[in-house]
Amino acid sequence: MNRSHLHKAALSAAVCAALLAAPLQSAFAWGKCGHQAVAIVAQKYLQQHDPATLKQALDILAWDADGDIKAVPFADVAVCADNVRRGEQNAKVECGGEDLHVKNESQPWHFINLVIGTKYPENAKLETNAQGGTCPGKHCVTGEIRWAVHALQDPKSNAELKQEAMIFLIHMVGDIHQPLHCGSEIDDNGKSNFGGNGVKITRWGSLRPDSFSLHSLWDNVVAFRDNCSPSTLADEALAGLAGVDTSGWNVNDLHAQVEKIARESYNIANEIVYPAYHEVQPKKGGAYEIVDPNAYQAKMQPIAKKRIQEAGVRLAHLIRMGLHPLNQTRPGQPGTDRGNRSK
Ligand SMILES: [Zn+2]
């Protein structure tokens, strides 16, 4: 075995160990590392292109600890929204040095259940076509992003509300770029696999762990946890932007922007992620055998990294939309009503 083989074997072992540990963070898109990478890309992108907006955003996130202002980088709050999804309602959750409170009702705000295998016409409103058409009332990730941008735009929002809106925006823009947050399969009995959470990985190379899902695999596919540095991922994403025309990545109509991102994620799930699953394990009890993890990563990792890169650039754009409202955005759209926002 030469050096490179040894390195590969060591890497595979690390990957397997990381995946065995992965269920702890299942359903948390991109995991902590990926979410922080998105946040770092956005912060550095704003630093390069619009430092005045970055300062405004950081002022919103900063905590006032009895007159001592604590600066909070985007990455420090990138996973807070996941931490308030579960647990005892209203229990305290630390976020960037201060407390948020558990909101069980926030669980559906992280995804949109588009149904794999469905052809959504170009002009179809995805929210009203999501499984059960539940988004306008129940608040999918698309509505949550709009809520956050509108809360930042609204002159009536107080400092606390803007802070929470910024925290949720930083997280949800990461979530909506994870393909499996926008695509679920529905079986013949009408049962959803909940964005791949119901698909168990029963084989990963020579190991046969049975404790993680397709969804948690995708949370980690960008770079496996033990081997993941958010700043390295972010720097790679930013370096990859050199010479790239990103003008088509953003549109100034907020509703169109979130639908565009959700549709992209859905298309990746529908055309790449689920077909790869069915190719090797056609409908066998919702289980998935990945015989060659290296080949799987080689195929999927570039897609995941691109999504992280796009998420960072779009997060910067959405923050600018929130802090510098354009006429094209439409405050008062569905999604503005999130009920009682007290922390
Ligand atoms: Zn989330």
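This passage describes the fold, packing and confidence of a predicted model of one protein chain.

The protein chain contains 12 helices and 7 strands. Of its 343 residues, 43% count as buried. Among the contacts with a separation of 6 or more, 74% are made by residues 24 or more positions apart. The mean pLDDT of the chain is 84, and 82% of the residues reach 70 or more. Confidence is highest in helix α3 (residues 51-61), with a mean of 97, and lowest in helix α1 (residues 3-21), with a mean of 39. Over residues 327-337 the pLDDT is below 50, and this stretch has 23 contacts in the model beyond near neighbours in sequence. The pLDDT is also below 50 over residues 339-343, a stretch with 6 such contacts.

Three strands form an open sheet with mixed pairing, in the order β6-β5-β7. Strands β6 (212-213) and β7 (287-290) stand at the edges and have a single partner strand each, so one side of each is left without a neighbour in the sheet. Strand β5 (residues 200-204) pairs with β7 in the parallel sense, over 4 bridges. Within this pair, isoleucine 201 stands opposite tyrosine 288 of β7, and arginine 203 stands opposite glutamate 289 of β7. In a regular strand, side chains alternate between the two faces of the sheet. Strand β7 has a covered face, made up of Tyr288 and Ile290, and an uncovered face with Ala287 and Glu289.

A further pairing involves strand β3 (residues 92-95) and strand β4 (residues 98-101), which run antiparallel and are joined by 4 bridges. Valine 93 has leucine 100 of β4 as its bridge partner. The two strands, β3 and β4, form a hairpin with 2 residues between them. Glycine 96, in the turn of this hairpin, has a positive phi of about 55°.

The largest nonpolar core comprises 84 residues, of which Val38, Ala42, Ile145, Ala148, Leu169, Ile170 and Val173 touch the most other members. Helix α11 (residues 254-280) gives the most to this core, contributing 10 residues. In soluble globular proteins, nonpolar side chains tend to be buried together. When residues up to four places away in sequence are not counted, valine 38 touches Ala78, Val173, Gly174, Ile308, Ala311, Gly312 and Leu315.

Two of the core residues named above, Ile145 and Ala148, are among the buried residues of helix α7. This helix (residues 141-153) is mostly covered, with 12 of its 13 residues buried. Its buried residues also include Glu144, Arg146 and His150. At 1.5 Å a residue, the 13 residues of α7 should span 18 Å, and the end C-alpha atoms are 18 Å apart, so the two values agree.

Asparagine 220 lies in helix α9 (residues 214-220). Asparagine 220 counts as buried because its C-beta neighbours inside 10 Å number 26, where 20 or more are required. Although asparagine 220 and glycine 31 are 189 residues apart along the chain, their C-alpha atoms are separated by 6.7 Å.

Terms used
Residues numbered from 1 in each chain as written. Predicted model: local features only at pLDDT ≥ 70, side-chain atom pairs only at ≥ 80, totals over all residues. Pairing = 2+ DSSP bridges. Core = buried A, V, L, I, M, F, W, Y, C linked by C-beta atoms within 7 Å. Contact = placed C-beta atoms within 7 Å. Expected span 1.5 Å × (residues − 1). pLDDT = per-residue confidence, 0-100.
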